[in-house]
Amino acid sequence: MKKRTMYFLAASLLMAAPVFTSCSDDDDPVPEKPVDPKPEEPEEPETPVVKNPIESAITYKTAEGVPQLVLTMGDDQTPVLGKAVVFTPDAAEPTKKATLTLTGDQLNLVEMIMSGMSSRATDMTLAKLLEQLSAVQLPGVVPGEPSTTVAVEISEIKDETVFFSGKSEQDGRTVTLSGTAKTDRLELNVNTVFTHELAATAWSTMPVSEDDPLAPFHIQWKQNIPEGAELPEMEAVLNFVMSMLSVGDLTLSEALNAALQSVTFLPDGNIQASYLDTDNMAAGYQTSPLHLVNYSVDAANRMLYLQLNIPQIVYVTSQKEAALREAESGSDSALQELLPDLLAVLPGIVQNVMPMLTSGIPLHYELNGDQLCLYLGKEVLKPILDALSPLTQSEKVQQMVVAFIEAQLKEAGQEEYAQLASAIVKAFLVIYPQIMESTEDIQLGIELTKLAQ
């Protein structure tokens, strides 16, 4: 019995050994490996909101003031005047797209003419004489287009400046433009290329010949003279007068051929001439500045339109302004005497001239191989000449014209012809209205021959 008890105690001790070992382990725990804290992720910077500083349509003009338009054409960096551009941001994507509308500016010819006249002329109230010219719409930026719309892509907006570019192709011409726009200033470069038959061609005046002694002048005047009417044939009269006129030792035809070396129709719509400056003959032939006269072509109707950039012409010729004023000052009193007569014919003249200041002077053109004839037709000339009829019946006008003819002949050393010429001119003025009634067609122009390129 005692022996069994000893075995039971020994077994109990053996079974309790792991328990004591485990308690020993609990008293000396193994340290846990520390866990690194999760690093904080850096905050992403906020994307700046891009905004177009031009929130609505703005009209920029090349005239002085704000918003200002600085316009250049192609590779030429000469600022072009007399134009206007409307910049309109796209309503749906104002930071990516916009539309540019290119037009001509409006010109107040009354202010321009009066600013170049002397005080005596200003006292004549020229505003009344020229009131219809107070808001002349000038030609557009692209020759032949009163208004041109080009969609542009905005490439960048930085420092309140919008950078853009665009392109338009239609009707045989391509317009490419680029620039920058702020709320107060638009800098724009426009490059236009035409592909019609006259683009990139150069011409010289037709030389005088036995067959055509009046070359390069083109004169046709067809009349239907009533039976028994004693009216002169105007084509013969003009041919005779042109042959008698001279510049120094040269006939008028020879003088023009000597003075005008070439005329070039540039592919961008500019017309450029090589000519002799009578004020500086020693300098030789000079090239006319760009942007004074543009042209466009209607090939289907064989028409060429000359667009005069009046603000540009005035700017270029401003250096001669003092001389021009001096020359004009002597005619102020005579002009004042003629004011009532001028006012009588002004509406008819202005009615026909005003559209040409916008759309251009329409010239017919006939292209025959290497020969080109440009001329004003009846639809332009006859309405203007008809409007002058009342002026030719004025005694003051007749006396003034006769006095001018006599002075010119005396200066040319042909005083013996003065009396005869005066009588002929006065008789012509008297019957001028009847001459115009008999007129069926008129063509006045110039004949050119192509230069090799």
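**Exercise 1. Classify the ring pair of F428 and Y432, and say how exposed each residue is.**

Solution. Start with F428, which counts as partly exposed at 25% relative accessibility, where buried means under 20% relative accessible area, exposed over 50%, and partly exposed in between (1.4 Å probe, protein chains only). Y432, by contrast, has a relative accessibility of 7% and therefore counts as buried. Before going further, note that this is a predicted model, in which local features need pLDDT of at least 70 and side-chain atom pairs count only at pLDDT 80 or more, while totals for chains, interfaces and linings use all residues. Residues are numbered from 1 along each chain as its sequence is written, and side-chain values use heavy atoms, with hydrogens and water left out.

Next, apply the ring criterion: rings of Phe, Tyr and Trp (its six-membered ring) pair if their centres lie within 6.5 Å, and planes under 30 degrees apart count as stacked, over 60 as edge-to-face and the rest as tilted. A search of the whole structure finds 3 aromatic pairs. For F428 and Y432 the ring centres are 6.0 Å apart and the planes stand at 80°, so the pair is edge-to-face.

**Exercise 2. Determine which residues of helix α13 are buried and why they line one face of the helix.**

Solution. Helix α13 covers residues 418-430, and its 13 residues reach 18 Å from the first C-alpha to the last, close to the 18 Å expected at 1.5 Å a residue, the expected span being 1.5 Å times one less than the number of residues.

Second, list the buried residues of α13, which are A418, A421, S422, V425 and L429. Seen down the axis of α13, these buried residues fall within an arc of 100°, so they line one face of the helix; the arc is that of the directions from the helix axis to the C-beta atoms. Third, turn to the other side of α13, where Q419, L420 and I424 are exposed. Finally, the cover over the buried residues of α13 includes α11 (389-392), α12 (395-411) and α14 (432-438).

**Exercise 3. Compare the salt bridges K61 with D105 and K382 with D386 by their place in the chain.**

Solution. A salt bridge is a side-chain nitrogen of Lys or Arg within 4 Å of a carboxyl oxygen of Asp or Glu, and the structure holds 7 salt bridges. The side chains of K61 and D105 meet at 3.6 Å, N to O. This pair links distant parts of the chain, with K61 in strand β1 and D105 in the loop between β4 (97-104) and β5 (106-107), 44 residues apart. K61 is partly exposed at 36% relative accessibility, whereas D105 is buried at 9%.

For K382 and D386, the closest N and O atoms are 3.0 Å apart. Both residues lie in helix α10 (residues 378-387), 4 residues apart, about one turn of the helix. Here K382 is buried at 15% relative accessibility, while D386 is partly exposed, with a relative accessible area of 31%.

How values were computed
Helices (H or I, at least four residues) and strands (E, at least two) are DSSP runs, numbered from the N terminus. Contact means heavy atoms within 4.5 Å.
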